[in-house]
Amino acid sequence: MNHQSAIREEELKNRVAAAYFGKYDCTRIVGNIDFCVSPKRRDPRQMTFIPDAPILWAEAKNHPTDIHRMLAQLILTIKGEQNGDVEPPRFVGCFDSEKIAFVEYHYILPVFNLNDFNWTQTPSAVDDKTVETVRGVIPSDKIVVFRFGADDAEIKAFVARNFASGESPALATPIDRNNFTFIYQKWRNEVMPHIDAPWDVLKKKYALYDRDFFLAEMNVDDKGTPEVSDDRPAEDFYIAFDATAREPYTIRRKNEDELNFNLTFGFKPGGLDVYAAFWRRYKRPPKREYWDFIVSRLDLLVPQDVRERKGSFFTPAIWVEKSQQYIAAVLGENWQDEYYVWDCAGGTGNLEVGLANKYRVWVSTLDQQDVDVIHERIKNGANLLDSHVFRFDFLNDPFDKLPEDLRDVINDPEKRKHLVIYINPPYAEHSNRKVIVGTGENRTSVAKESMVYAEFTNMVGTATRELYIQFFLRIYKEIQGAILASFSTMKFVCSQNCAKFRKYWRATFKRGFICPADTFDNVSGSFPIVFTIWQLDGLKEMSGANVDVIDRDSNFLGTRSFHSSMSGEMISDWLRKYYDVHSPETVAYMSLPGVSMQQRASLFITSKPTESDVKQHKVARITPRNLIPFAVYLAVRHCIVLTWENNKDEFCHPNNKWIGDVEFQSDCLVFTLFDNVVKSADGVNHWIPFTEAEVDAKSCFKSHFMSDFINGRAARSASALYHADARDARPYQGELDLENVANVKALPNTNANTQLGIGNIGTGNIPTMATLISSAARAVLATGRELWRYYHAQPNANPNASYYDIRLHFQGMKKTASGKEQMNATSSDETYNTLLANLRAAHKALAAQIAPKVYEYGFLKQ
C-alpha cells in the first residue's frame, strides 16, 4: 500500500483491508470499533457464514499517532462494547497512515482490572495519564509494528502465519487465553442457571464459586471425561465433573480419600441438553499452555457484572482522592497516623490508594478472589500488609473471625473512637434500580438473606432492603463511637422509607459532598452519589445534611441541603385530602407514582387509565371539585428540570400559603393544560381551553368544560373544592366510567373553599380566572391558541382533538428498536414546528415562574 499522509480514514481502512486482509471478512461492524477482521468460515451443513470468531479489532487514524494512544482508545471502545454478545478477537491492533501494529488480545486483559483507570472518558478524548497507564501495562516487546510500504511483505507474512487458522472449517472454537473470559460469561448466562446447586451454601461453606464449575466442565474432552490434570494450587475443596454420571458435579476435598467426602449435584430438567449444546460450540479442553494461563488468571473469572451483583461500584480515583481530602479536613492532616482505618467492603482495594500508613489499615471483602487480587497488588507495590487483608462477610460473620489486632481496636472504647470505617459499600437492594427502567432483574434474595437483615428488618422496616444500610446498621450497633466515612446513595438521609432507620441510627453529621453517579464505573443513572462523614455517637436523630456539590471534574459548585422525610409529611399525603370518590363527574385520571423527582416521568394525566392501574389503586379521579389541587400537584412536580443533583429529592406536604395564591393556582392549571396525554379517542375530551370561535373550529366541541372553567362559567365548581374526610382519603375504586361533564352544575360555596382564595371566582362582579392569570400563563394560552387554530385549518381536523392528538397528527409515530411505538420528535410541517416551539418556550417560561413557589410553599425543601 502506498503511503499517503492526507488520506481520509474510511479510504485508509478500505486500502488496508484490500492490501493485507483480502482473504478475510473486513465488512463486519462491531459497535464503535474502527476496523474488524473475521474469518470467512463456512458451515458445510448449512452453507451459512459464521462471523462470530473475530481475528482482529483495530483502531484507525488517518494521521501519524502514538501506538499506545491508539491502543488506549481501542481499549476504551472495547470496554463500551463488552455486553457478552461478541467474542473477543485473537489480536488487537492499530494503524495510521504510516504503520500498523498487532498485539495478542490477552495482553490487554489486565487493563480491564486496573484500579485507577478512568473508564468514564470518551475514547476520542483519552488523556495522557491513561495513555501512559496503557504503555506501562502492555509491554512494548509484545507489540509487533510494521511500516506500510517498506514492510509490506512482512505484514502479509505475519497475517498468513498468524491468521491462517481462522480459515479452519472447524465449527468448534478452541479455548485460548484470549477468549476464555468471554466463554465464561456466556457459560454463566446459558449453562449456570440450569445447574441444580446451592450456590450460597457452596460459597459460604466451601468457598466454591461458579467459576469452579466452569473450570470443571472446561477440563474435559468432547466425551465429558477429564483430560487435563487439575493441578491448581491446593484448595480445601474443588469441583470434579463427569458428564456420564447422573449427577456430574462432585465436591471433593484436596488430599483426602474421595470416599470420605463426596457431595454431588446435577442439572435441572433439560439442563443436560443446554450443557451439551453450549459445549458443542467450543473445543475442550484447552491446550496445556492455555490451561496454565487460565489457572494463573482466576481473578479474571468473575461475573461481568460482579460489582453490581455484590451491589458495589468501582470507586474512581478522583473520588478516592476527594474523599480522603474531606476526611483530613474533619480529622486533621495527620489523621492517617492518629486514626485506624477498616474498609469492611474492600472489593479489590482501590479505596485504599493514597493511604500511607499500612500498619493502621485493614481491608476485608466478601469473596476470596478479591482477596487474592489485593495480595497480588501488594506483591506489585500496593501499600498494604498481607496480614491486614482478609476474607470476611461483614453482614453475616461474627467479629471473632477478625484479626486479633483489629479486634483489639474495636474492643477498646478509646481506640474505637479513633477507628474510621472507610467504605464504598454495596448498593444492591430488594429490587435492582435497573428494574425501574426495565434493564435489570429483581434481586429478591440479595438483600434479604443476611444475618443483619433478619435482625433489623422488624425494627427499621423496608430500609433494610438496602445493602449499604445493613452495613450502616451493624457498624452502628457493634462499633458505636467510631467514625463512619462512606459512599452511598442519599436514600438513608432523605427517603421516607428510611424514617424508622433514622430514629434508630443516631449520629452527628460532620461533612460530605455529592458527585454524579455516572462517573462511577458500571453506573449509567443520573443521580447523586454522596460521601458523608459521621460520628457514631448516638446523640441525636438525623434531620438532614448540608453537603458540597462537586461536578465530574472535581470542581466545587456550591452547597446543597438534603432533608429527611417522615411518613405523613409527603406530597402524596397532601393530595390524598382531595381524592373525590363521590362526585359523578370525571374530568380525567391522574397516575400516582412515588414522591421523588426521579419518578416524575411516571406522573401523567390521562382520559383512560388501564384496568390494572384502577384495580391496583394507581390512579385517582380528577373532578370539577378537585381540579385545582390536582393541577397544582402535577405542575409543581413537572416544572423543575430533573438533574443529577435533585434526582433523589422528595416532594413534601406543603404549607398553607398556596391556598391564598390564586395566580399560582391559575398558573398551575394552565401549565397542566399543555402537559397531559389526554386523547379524544379514549372518550370525551374535557381539556380544550378554547371556544370553537377562538380556534375557527369547523364544528362544535363535545365538551366546553375547560373553557367554561377558565372563563368563570363553571368556576363555581372550583369554588367548591372538595375536602375529603378520613373515610374518603383513598384512590378511586369505582367503575372505569368516563362521564360527559359538559354541563357541570354549579356547586355550593363553602368556607373551606373561600380560604383557598377562589371561592368567589366567577361570582357576582368578581373577575373570572381568565382575568386573574399571570402574563406568563396568558402567553401559554395565546401560543396554544395559535397552534389549535392552525390544526383546525387542516383538512379533516378532529374538532375534539386534544393537545396530544394535535401533536400526533403532525408528528406521526415510529417504532423503536424494541418494537414499541413512539411519537416522532418533529414534523415535516415547518409552520407547525414553529408554532410548537413557541408554545414550548412559553410553557418553559411559565414553569420558571412556578418553580420558586414550589420551594416557598414547601413542596420541596431548600
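User: If contact means heavy atoms within 4.5 Å, which residues does Ala240 touch, not counting residues up to four places away in sequence?

Analyst: This is a predicted model, in which local features need pLDDT of at least 70 and side-chain atom pairs count only at pLDDT 80 or more, while totals for chains, interfaces and linings use all residues. Residues are numbered from 1 along each chain as its sequence is written, and side-chain values use heavy atoms, with hydrogens and water left out. Ala240 belongs to strand β8 (residues 237–241), where helices (H or I, at least four residues) and strands (E, at least two) are DSSP runs numbered from the N terminus. Once residues up to four places away in sequence are set aside, Ala240 touches Ala216, Pro248, Tyr249, Thr250 and Arg252.

User: What distance separates the C-alpha atoms of Ala240 and Ala216?

Analyst: Ala240 has 14% relative accessibility and therefore counts as buried, given that buried means under 20% relative accessible area, exposed over 50% and partly exposed in between (1.4 Å probe, protein chains only). Although Ala240 and Ala216 are 24 residues apart along the chain, the separation of their C-alpha atoms is 5.7 Å.

User: Among contacts in the chain between residues at least 6 apart in sequence, what percentage join residues at least 24 apart?

Analyst: The chain is built from 31 helices and 25 strands, and 55% of its 862 residues count as buried. Of the contacts between residues at least 6 apart in sequence, the share that joins residues at least 24 apart is 70%.

User: What is the nearest side chain of opposite charge to Arg637?

Analyst: Arg637 is in helix α22 (residues 627–638), and its side chain reaches the backbone oxygen of Gly594 at 2.7 Å. A salt bridge requires a side-chain nitrogen of Lys or Arg within 4 Å of a carboxyl oxygen of Asp or Glu, and for charge Lys and Arg count as positive and Asp and Glu as negative, with His and the chain ends not counted. Arg637 is buried yet has no salt bridge, and at 9.0 Å the nearest side chain of opposite charge is Glu650.

User: Is Thr586 buried or exposed, and with which side chain does its own side chain make a polar contact?

Analyst: Thr586 lies in the loop between α20 (571–576) and β21 (588–591), and because its relative accessibility is 3%, it counts as buried. A polar contact is a pair of N or O atoms within 3.5 Å; within protein, one must be able to donate a hydrogen and the other to accept it, and residues adjacent in sequence count only if both atoms are side-chain atoms. At 2.7 Å, the partner of the Thr586 side chain is the side chain of Arg621.

User: How many residues apart in sequence are the parts tied together by Arg135 and Asp66?

Analyst: The salt bridge between Arg135 and Asp66 has its closest N and O atoms 3.1 Å apart. Arg135 lies in helix α3 (residues 128–137) and Asp66 in the loop between β2 (56–60) and α2 (67–81), so the pair ties together parts whose separation in sequence is 69 residues.

User: How far apart are the closest N and O atoms of Asp128 and Arg69?

Analyst: Asp128 lies in helix α3 and Arg69 in helix α2, so the pair ties together parts that are 59 residues apart in sequence. Asp128 is exposed, with a relative accessible area of 52%, whereas Arg69 is partly exposed at 23%. In their salt bridge the closest N and O atoms are separated by 2.6 Å.

Definitions and conventions:
Contact means heavy atoms within 4.5 Å.
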